There are 2 protein chains.
Amino acid sequence: VEVRSFDELRALGDRAKGKIVFFNRPMDPTLLNTFEAYGGAVDQRGSGAVEAAKAGAVAALVRSVTLARDNVPHTGAMHYDAAVPKAPAAAVGTLDANLISALLRKGENVVIRLRLSCETLPDAPSGNVLGQITGWEKPDEVIVVGGHLDSWDKGTGAHDDGSGCMQAIEVLNLFKKLNMRPRRTIRAVMFMNEENGNRGGKAYPKAPGRAHERQIAAIESDAGGFAPRGLSVEADSLVFERVLRWRPLFASLNAGDIVRGGSGVDIDPLVKGGTAGIGVIVENHRYFDYHHSANDTIDKVNPRELEMGAIVQALLCYLISEEGLAVEPASGR
Amino acid sequence: VEVRSFDELRALGDRAKGKIVFFNRPMDPTLLNTFEAYGGAVDQRGSGAVEAAKAGAVAALVRSVTLARDNVPHTGAMHYDAAVPKAPAAAVGTLDANLISALLRKGENVVIRLRLSCETLPDAPSGNVLGQITGWEKPDEVIVVGGHLDSWDKGTGAHDDGSGCMQAIEVLNLFKKLNMRPRRTIRAVMFMNEENGNRGGKAYPKAPGRAHERQIAAIESDAGGFAPRGLSVEADSLVFERVLRWRPLFASLNAGDIVRGGSGVDIDPLVKGGTAGIGVIVENHRYFDYHHSANDTIDKVNPRELEMGAIVQALLCYLISEEGLAVEPASGR
């Protein structure tokens with residue numbers, strides 16, 4: 001049975017029993033921000049298995065959460081609920097989704113056989129990977145610049161988030177090439193396990209050695225290695241004003257959109273602990289074309305656009321390392 | 001003999017005689033604006049044959065004017081000089097250019113055989129293609145929105161300039177879909193012969209029927225069907241100020257960079273005649289990867305980015321059709 005929402009599924013009552021529920025609500029192509037469109041469709045992948053099981057269905061088949069017209073499944077995180085049976089769930093490419101939908105609308109008896117070989121293995125040890133240039137003046141004030149090392153295994157995770165990792169390394173490389181030693185420590189962090197619980201992001205602030213440090217800023221690029229357009233600042237208003245004063249410098253790199261907003265999943269635990277979070281905003285029309293699919297490979301990354309993102313982050317690291325982000329709010333005492 | 005500039009070729013004296021001159025100066029990758037980098041290298045393609053002949057060489061081989069690391073030749077306009085013999089000229093992919101250069105530097109005796117089948121045929125009649133929605137209030141005030149129909153025959157000209165043509169058609173389509181009739185006439189013009197003399201652009205203002213019209217604005221997208229970033233206005237300062245007042249509307253489409261600058265080759269004859277010219281600025285890192293080569297095909301055009309360009313131009317046409325561009329400069333009398 002084809003549905004476009006959980007409400008629609010519930011309204012079916014018993015009619016989903018013993019069937020495969022086919023969640024086929026597309027991402028809304030009329031939204032300018034593709035991340036917003038993604039947010040409006042991803043519930044089907046995240047909770048489709050649980051909702052299908054609640055309706056008595058045998059499985060969930062989910063239209064890939066992408067704007068691309070392609071025929072590769074786009075995978076991603078999903079969850080089960082201990083209170084309901086575990087229904088198997090699979091993603092299907094948008095062209096096949098359109099075909100299945102057309103057949104169902106014609107009243108055809110559509111039979112789909114799912115053969116899934118995936119399984120959840122026990123946890124195994126892994127780790128974040130760190131490299132840094134230690135600040136000459138304030139070595140204990142740390143600017144984190146990072147991405148995440150893990151990716152979905154359909155492609156190689158070139159955009160999500162190989163790009164962010166390589167840019168973080170390139171930030172350090174640019175400082176070395178320019179023979180510049182920053183005042184504060186700049187640390188490239190390749191976080192582990194963003195896609196499946198963010199345990200690398202959560203572990204970083206608790207790691208031994210953090211106790212005597214101040215993590216003053218955390219920068220993340222996790223929206224693909226596309227042309228940078230600006231910065232999204234998740235911090236106190238006065239910190240934002242400080243970043244905003246640097247706007248002309250970023251505008252000279254065509255990345256002058258300095259806005260308040262979210263920063264990044266990996267650095268979220270740092271931000272929650274008081275670190276200023278800054279996400280790189282990129283041209284995002286194409287991100288979900290590749291996202292979590294076999295198409296997320298290095299040939300989809302333009303070398304100039306990737307490098308521009310590294311340059312923007314290097315500039316930001318330089319400014320923060322030289323000037324800091326400390327602000328003195330007016331006192332009422 | 002390999003050279004990187006005409007000065008270097010002239011300094012060779014007799015040593016280029018009877019040889020193939022290999023022009024191998026790359027586009028400067030450090031320039032943010034790829035059009036500027038293109039402008040700094042394209043003399044080798046445009047005038048290489050003439051300069052090679054002046055040096056007594058038998059032919060010119062030109063490194064493709066692209067930032068891509070690929071192995072397809074990128075072609076384009078070149079010229080001869082009646083005062084010097086016509087030397088054959090050919091473009092070579094950048095990977096082959098690097099190989100040839102490496103072999104020459106190793107002191108190898110490099111022999112290249114050119115077999116060119118191209119020829120210049122006599123002129124044949126062709127024409128611009130026009131379609132319009134006639135303004136209900138001021139039908140004789142015309143807003144031209146256009147691109148050019150012709151392209152280099154290695155690819156299909158999807159970015160250069162199929163995108164501009166399709167966007168111009170889509171502008172009219174959007175008005176029809178929204179059931180909106182503009183106050184002034186909006187005319188989609190697919191210009192002919194931009195690449196080889198701009199005769200379509202030159203013919204348009206002189207065509208019968210233009211005499212009783214006022215061409216108040218001409219809009220062109222000829223930098224590829226990439227994500228739009230803003231508008232480049234080639235007009236009087238007060239006209240520019242008028243467009244600048246609309247900036248928040250374009251910023252809401254992520255295309256808020258409103259600057260003064262060139263507009264487009266096809267509409268240049270109109271602009272020279274007093275029409276306000278407006279070019280669409282797009283994200284340009286990838287344009288020259290595809291430009292004038294076998295890689296300029298429809299699979300390189302992202303449907304969302306193409307559509308966003310059409311939306312930006314439709315908004316601009318709407319604003320000009322409703323409000324006009326007339327300005328009243330302060331009078332000193």
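This is a predicted model: local features need pLDDT of at least 70, side-chain atom pairs count only at pLDDT 80 or more; totals for chains, interfaces and linings use all residues.

Modeller: Helices (H or I, at least four residues) and strands (E, at least two) are DSSP runs, numbered from the N terminus. Residues are numbered from 1 along each chain as its sequence is written, chains are lettered from A and ligands numbered from 1 in the order in which they are written, and side-chain values use heavy atoms, with hydrogens and water left out.

Colleague: How many helices and strands does chain A have?

Modeller: Chain A has eleven helices and eleven strands. The radius of gyration, taken over C-alpha atoms, can be set against the globule rule, which is 2.2 Å times the number of residues to the power 0.38. For the 333 residues of chain A the rule gives 20 Å, and the radius of gyration is 22 Å, close to that value, so chain A is as compact as a globular protein of that length. Along its principal axes, the C-alpha trace of chain A spans about 70 × 45 × 40 Å.

Colleague: What percentage of the residues of chain A count as buried?

Modeller: Buried means under 20% relative accessible area, exposed means over 50%, and partly exposed is in between (1.4 Å probe, protein chains only). By that reading, 50% of the 333 residues of chain A count as buried. A:V3, in strand β1 (residues 2–3) of chain A, counts as buried because its relative accessibility is 0%. B:G162, which lies in helix α5 of chain B, counts as partly exposed at 25% relative accessibility.

Colleague: Which residues does A:V3 touch, leaving aside its neighbours within four places in sequence?

Modeller: Contact means heavy atoms within 4.5 Å. With those neighbours left aside, A:V3 is in contact with residues including A:E8, A:L12, A:F22 and A:R25. In chain A as a whole, among contacts between residues at least 6 apart in sequence, 80% join residues at least 24 apart.

Colleague: What should I look for among the cysteines?

Modeller: A disulfide is a covalent bond between the sulfur atoms of two cysteines. Here a disulfide is counted as a pair of cysteine sulfur atoms within 2.5 Å, and the structure holds zero of them over all chains. A:C317, for example, is in no disulfide, and the nearest cysteine sulfur, that of A:C165, is 15 Å away. A:C317 is buried, with a relative accessible area of 0%, whereas B:C118 counts as exposed at 64%.

Colleague: What can the backbone angles tell me?

Modeller: Most residues other than glycine have a negative phi, and most peptide bonds are trans. In this model, phi of A:N179 is near 55°, a positive value in a residue other than glycine. A:N179 is found in the loop between α5 and β7 (184–191) of chain A, and it is exposed, with a relative accessible area of 72%. B:N198 also has a positive phi, of about 60°, although it is not a glycine, but B:N198 is buried, with a relative accessible area of 9%.

Colleague: Where is a peptide bond cis in chain A?

Modeller: The bond from A:D160 to A:D161 is cis, with omega near 5°, and A:D161 is in helix α5 of chain A. In chain B, the bond from B:D160 to B:D161 is cis with omega near 5°, and B:D161 lies in helix α5 of that chain.
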